[in-house]
Amino acid sequence: MIGSGTGDARGPDGAAAPDGAAAPDGGGPTRTPSARKGGEWARHWQYAGLPGLDLLRARYVRHAFPRHSHEGYVLGAVTGGVERVGLPDGAVDAGHGGIIMINPEVPHTAQAGAPEGWAYSTLYPARQLVADIAAETTGLAGTAGFTEAFVADPEAVRLVNGVHRAAEEGNALAADSLLRVVIARLLRRHGGPLPARTPAAAGARTAEHARALLESRLISPPSLEQLARELGTSPFALLRAFKNAYGMPPHAWLTDARVRRARRLLEAGTAPAEAAVAVGFTDQPHLNRHFTRIVGVPPGAYRRERAGGARTYKTAGAGPS
């Protein structure tokens with residue numbers, strides 16, 4: 001991994017491995033070759049030259065992402081090992097040279113699909129960025145998305161890695177060019193219009209109302225029974241309707257929503273302890289646990305990157321996952 005305080009050494013999986021690792025609570029970087037000995041590491045950041053994009057480069061072995069979704073798209077280029085992604089239609093095992101493509105708000109999980117774990121470079125483009133590229137380079141009607149969850153495409157993997165490398169080097173022209181080329185390539189080859197929203201059935205309307213109520217009460221949410229009573233339904237009927245609509249039960253969706261809001265607060269410079277309370281977590285350790293599981297790095301490291309830091313977080317043994 002290239003960046004301030006990191007080298008460009010490469011591990012046996014072919015992914016760039018860091019020489020510096022930041023402690024989860026903000027300690028300075030320590031010199032360690034752990035990433036080349038099977039340790040976990042991750043960097044989740046934004047580059048000012050690429051608005052509308054988040055970047056994640058990581059290697060995970062024991063870490064498992066719980067069911068969650070993203071507001072934008074996910075393009076993950078697997079550079080080593082195997083990533084197992086759990087999607088609504090079943091699990092996909094993505095190996096070296098493959099690209100994972102996930103559309104907005106699609107619930108999914110991720111974990112190692114092999115004993116050695118997996119390494120990947122991931123792009124998280126915003127909806128508007130993908131829409132602009134689709135309008136300029138494809139004839140897709142409606143909202144553009146991806147019709148396949150996984151394809152073997154070593155050239156696309158090379159392009160995604162190129163976006164990361166150029167961003168880490170501060171080369172905005174190359175990073176932006178490669179980003180647009182790889183998104184256009186994937187849309188032309190594996191793109192299609194996302195299904196149009198149809199009038200919601202009664203169960204779907206109930207789920208939508210439940211979601212709106214939970215979003216408005218992140219800090220002090222009702223119990224399932226209270227929520228069902230407010231919506232004029234039964235707890236089990238609400239559970240079924242919500243899971244059918246959003247791919248996860250209300251309590252899992254609530255945790256995901258709290259983490260999303262915490263991300264926005266951290267990006268604005270809010271301290272993790274303050275963000276934890278503001279979104280309804282009990283305290284900072286409570287936020288740390290769920291944030292790290294869903295985002296892949298702890299909130300302190302996430303906030304530092306948004307403040308212009310360039311550290312790599314060593315996940316192995318550095319906190320709950």
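Is Asn-161 buried or exposed? Asn-161 is buried, with a relative accessible area of 14%; buried means under 20% relative accessible area, exposed over 50% and partly exposed in between, with a 1.4 Å probe and protein chains only. The views below come from a predicted model, in which local features need pLDDT of at least 70 and side-chain atom pairs count only at pLDDT 80 or more, while totals for chains, interfaces and linings use all residues. Residues are numbered from 1 along each chain as its sequence is written, and side-chain values use heavy atoms, with hydrogens and water left out.

**View 1. The whole chain, to get your bearings.** The protein chain has 10 helices and 16 strands; helices (H or I, at least four residues) and strands (E, at least two) are DSSP runs, numbered from the N terminus. Of its 321 residues, 52% count as buried. Among contacts between residues at least 6 apart in sequence, 70% join residues at least 24 apart, where contact means heavy atoms within 4.5 Å.

**View 2. Asn-161 and the residues it touches.** Look for Asn-161 in helix H2, residues 154–168. Not counting residues up to four places away in sequence, Asn-161 touches Arg-57, Thr-79 and Ser-121.

**View 3. Ile-183 and its surroundings.** Ile-183 belongs to helix H3, residues 172–190. This residue is buried, with a relative accessible area of 0%. Leaving aside neighbours within four places in sequence, Ile-183 is in contact with Leu-75, Pro-125 and Ile-133. Leu-129 is 54 residues away from Ile-183 along the chain, and their C-alpha atoms are separated by 9.5 Å.

**View 4. Helix H4 crossing helix H6.** The axes of H4 (residues 202–216) and H6 (residues 235–246) come within 8 Å and cross at roughly 90°. That makes H4 roughly perpendicular to H6. Axes are lines fitted to C-alpha atoms, for helices over the stretch in contact, and angles run from 0 to 180 degrees between N-to-C directions. Angles of 65 to 115 degrees count as roughly perpendicular, under 35 as roughly parallel, over 145 as roughly antiparallel and the rest as oblique. On the H4 side you will find Gly-203, Thr-206, Ala-207, Glu-208, Ala-210, Arg-211 and Leu-214, which meet Leu-238, Ala-241, Phe-242, Ala-245 and Tyr-246 in H6. The residues of this contact divide into eight nonpolar, two polar and two charged. Here Ala, Val, Leu, Ile, Met, Phe, Trp, Tyr, Cys and Pro count as nonpolar, Asp, Glu, Lys and Arg as charged, and the others, Gly among them, as polar.

**View 5. The largest cavity.** The whole structure holds four cavities of 30 Å³ or more, and the largest has a volume of about 170 Å³. On a 1 Å grid over the protein atoms alone, a cavity is a set of points where a 1.4 Å probe fits but cannot get out, a pocket is an open set with protein on both sides within 12 Å along at least five of seven lines, and lining residues have an atom within 4 Å of a point. Grid points are joined across faces, edges and corners, and a volume is the space filled by probe spheres set on the points. Of the 19 residues that line the largest cavity, His-70, Val-74, His-108, Tyr-120 and Tyr-124 are the closest to its centre. Strand E8 gives the most to this lining, with four residues.

**View 6. The second largest pocket.** This pocket has a volume of about 390 Å³. Its lining has 20 residues, with Asp-54, Glu-71, Gly-72, Arg-263 and Glu-267 the closest to the centre. Helix H7 supplies the largest share of the lining, six residues.
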